[in-house]
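Thanks for asking me to look this one over. Here are my notes, in the order I would read them with the model open.

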Amino acid sequence: SLANMAKSDKAPLSKSLLLVPSALSLLLALLLPHCQKLFVYDLHAIKNDFQIWRLICGRIICLDLKDTFCSSLLIYNFRIFERRYGSRKFASFLLGSWVLSALFDFLLVEAMQYSFGITAASNLPSGFLAPVFALFVPFYCSIPRVQVAQILGPLSITNKTLIYILGLQLFTSGSYIWIVAISGLISGLCYDSKIFQVHQVLCIPSWMAKFFSWTLEPIFSSSEPTSEARIGMGATLDIQRQQRMELLDRQLMFSQFAQGRRQRQQQGGMINWNRLFPPLRQRQNVNYQGGQQSEPAVPAPLEVSEEQVARLMEMGFSRGDALEALRASNNDLNVATNFLLQH
């Protein structure tokens, strides 16, 4: 069922949010421009004329193609949360932030009118924007920051820099989109911190999750790539063989890492990972020389970099997990980080 799709590579909800609103936005812009007035997010019409349907229509489809493009790219990058937590929990977060942000939209507009006499903010940018901004809260809190390059002394490029730049581009794309952005961030913070137990009230029922699992998953899910597709073609047979060995090494590491974590959760205490599997580059390689198989000498125990241990601990991992992940990955910080994130 949809509720049990945690840590899945399929992410059908993210794909549906990526494709369907974008297709409808293009349809309205190119073929049905006269129908765009039905999707205007007009707060005055909602408040004074009780056009409640605008709360739905005006907060789903983007009328600005630039907003469509930026929000689609962000949803594509934020699909990691659906893969990590499952589609039902991901959908519940989007629903909760969508509902809460509608309330904060009204409060912010009323506060502007009361404090500064600004009434031009009645028409806010349309589209599924507030939940996209709300996803920046778990993105900031739960996704580790890994440095990619160092520029201009203290400034550095990380694995999260491009996402923040894209969010800033969306934030500055319109006159009053900052209202939607702030309400989205506040609603994401409220839902993520479980204030007033909103995560229990605004959640997707299990029967609805099963229904959408039955309808959306066959349409938007794709089969996971096979190992052959991920290996790639090397220039020689030896290179292809080495690629396959490295892939099998990594698969072994992931599976036994997960097994070790489960055993530790059941029994408590630390686990000696080196008993479960050898580090990638300390594994015995098969050398094909004249059809003969040779055994290399066993290398000395690996010294773990304390600097990399400290960086993993800054991300929120324990020292024991950081030490063992770095030993298993031969001091490769990126591989160790992927280990700890996925298990």
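1. A word on conventions: axes are lines fitted to C-alpha atoms, for helices over the stretch in contact, and angles run from 0 to 180 degrees between N-to-C directions. Helices (H or I, at least four residues) and strands (E, at least two) are DSSP runs, numbered from the N terminus. This is a predicted model, where local features need pLDDT of at least 70 and side-chain atom pairs count only at pLDDT 80 or more, while totals for chains, interfaces and linings use all residues. Residues are numbered from 1 along each chain as its sequence is written, and side-chain values use heavy atoms, without hydrogens and water.

2. The chain has 18 helices and six strands. Among its 343 residues, 41% are buried (under 20% relative accessible area with a 1.4 Å probe, protein chains only; over 50% is exposed, and in between is partly exposed).

3. Do look at H1 (residues 12-30) against H4 (residues 65-77): their axes lie 9 Å apart at an angle of about 170 degrees. The pair is therefore roughly antiparallel (angles over 145 degrees).

4. In that pairing, H1 residues including Leu17, Leu18 and Leu26 meet H4 residues including Leu65, Ile75 and Tyr76 (contact means heavy atoms within 4.5 Å). By class, the contact of H1 with H4 holds seven nonpolar, five polar and no charged residues (nonpolar: Ala, Val, Leu, Ile, Met, Phe, Trp, Tyr, Cys and Pro; charged: Asp, Glu, Lys and Arg; polar: the others, Gly among them).

5. On cysteines, the structure has zero disulfides (pairs of cysteine sulfur atoms within 2.5 Å). Cys190 is buried at 17% relative accessible area, whereas Cys57, at 25%, is partly exposed.

Notes. Angles under 35 degrees count as roughly parallel, over 145 as roughly antiparallel, 65 to 115 as roughly perpendicular and the rest as oblique.
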